[in-house]
Amino acid sequence: MTRKRRFKKLQEYQGPIDLNVMPFIDVFSLLTTFLLFSAVFIQIGILEVQVPFLSNKVTPEDKPARTFKIHVTVDEETIEVETFYTPDPRNSKTKKFGMNKRGMSRMHDYLIEIRSDHPKTDILSLFVDKEVTYDNVIKLVDAIKFLNKNDPPLPVANESSDESSRLSSTPNLTLYPKILMGNVLFSDYD
Amino acid sequence: MASVGQNAEEALSLNIMPMLDIFSILILFLLMSFSTDPVSHDITSGLEVPISVTLRSLDEIPTVTMTKSELRFSDMKVAELDPATGDFTYADYQKSQGALMVLYEELKKMNEANKKRKQPSGESEEDDSTPDALTMEIDKSHKYIILRRIMLTAQQAGFFGFKLMVIKENE
């Protein structure tokens, strides 16, 4: 039968049209099985931190420019944020917050103020007491590192050229992308 | 009385539309939750990982795992916790200024192997300016002293960056 005849016969057909949905269901079933096997219901992520290290880089002989530094010291009850300049005069300012959800939120707001005033400083040193739980350390790092949805945008985007922080930070989503775990090398272990 | 056999000539038709609806919704849901993360890793059983708002996905399998009771390096047990103190046993770190000697040796070997792989043609070590990062999976109930000992050990072995494994908080 030629194609023309078959088409003509089809045009003349007056009965009910029956759609064969079986191949469609087969495809759906396979797709569902594949997706169910490969589904990941818990999204795993990473938080990046650094520890200090000694470098043998030759420092320039010029008089060093004054650097603005931020230290966050945490124990089981309090969070202390200290800002200062090196070298002296230090012009140190200290503010304390409670080591709880409200305290972390207030510390976060204070850090936004600091970052807005000193947009070029994108590194912060964190000193954690040995009794603080790892869960609280992560909550603290979250509050230091990331901006919330409701936070005002920072005036300047992160100017970091470091590969790891470039990857970890979408502009204006991070508050302090580089966190240095300051007291890792201290010798109060006994 | 009606029976199945009486209407044998009538064609039985199965209404498959509800099934198609369910399939469509299921596929939509699964496609939404489909993960395109580069690495797929199951959390070690009996270990609770903290929750974070981070957006970065896991990009390598954790090398160091700290369960509730023991420290593992690539599935090899390297140290045990003292249940009384919640810290490593004193013998693990007494002769190494707080660092864990067994873990240090393993990390040192790994770091040297990584460096050799990065410098196949005898380039100088100083050229490699990017510090190596270590991925760690740690139970959220531990105290910071545990994390600090592991970090100190890794720092001594040449790892200066750390990727702490967390569960991403749902938006």
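**Chain architecture and the A–B interface**

In chain B, 63% of the contacts between residues at least 6 apart in sequence join residues at least 24 apart. The model is a predicted one, and it scores ipTM 0.74 and pTM 0.74. Chain B comprises four helices and seven strands, arranged along the sequence in the pattern α-β-β-β-β-β-α-α-β-α-β. Of the 171 residues in chain B, 28% are buried.

The pLDDT falls below 50 over residues 124-129 of chain B, a stretch that has three contacts in the model beyond near neighbours in sequence. Where pLDDT is low, the predicted coordinates should not be read in detail.

Chain A contains five helices and six strands. From the N terminus, its elements follow the order α-α-β-β-β-β-α-β-α-α-β. Buried residues account for 24% of the 190 residues in chain A. Among contacts in chain A with a separation of 6 or more, 65% are between residues 24 or more positions apart.

Strand β5 of chain A (residues 123-128) pairs with two other strands of its chain. Four bridges in the parallel sense link β5(A) to strand β2 of chain A (residues 67-74), and in this pairing A:V74 has A:V128 as its bridge partner. A parallel arrangement with four bridges also joins β5(A) to strand β6 of chain A (residues 178-181), where A:S125 stands opposite A:L180. The side chains along β5(A) alternate between two faces.

Between the chains, 42 residues of chain A are in contact with 43 residues of chain B. On the side of chain A that touches chain B, at least two residues each are supplied by α2 (22-38), β1 (44-50), α4 (134-145) and α5 (163-168). This side of chain A has 26 nonpolar, nine polar and seven charged residues.

Strand β1(A) runs antiparallel to strand β7 of chain B (residues 159-168), to which seven bridges join it. Within this pairing, A:I44 has B:I167 in β7(B) as its bridge partner.

Helix α2(A) packs against helix α1 of chain B (residues 17-32). Two packed helices are described by the angle between their axes and the distance between the axes. For α2(A) and α1(B), the angle is about 35 degrees and the axes are 10 Å apart; the crossing is left-handed. The contact brings A:F28, A:L31, A:T32, A:L35 and A:L36 of α2(A) together with B:F23, B:L26, B:I27, B:L30 and B:L31 of α1(B). By class, the residues of this helix contact comprise nine nonpolar, one polar and no charged.

Methods:
Residues numbered from 1 in each chain as written. Chains lettered and ligands numbered in written order. Predicted model: local features only at pLDDT ≥ 70, side-chain atom pairs only at ≥ 80, totals over all residues. Contact = placed C-beta atoms within 7 Å. Nonpolar A, V, L, I, M, F, W, Y, C, P; charged D, E, K, R; others polar. Pairing = 2+ DSSP bridges. pLDDT = per-residue confidence, 0-100. Axes fitted to C-alpha atoms, helices over the stretch in contact; angles between N-to-C directions. Left-handed = near helix turned anticlockwise from the far one by under 90°. Buried ≥ 20, exposed ≤ 12 C-beta atoms within 10 Å, placed from the backbone.
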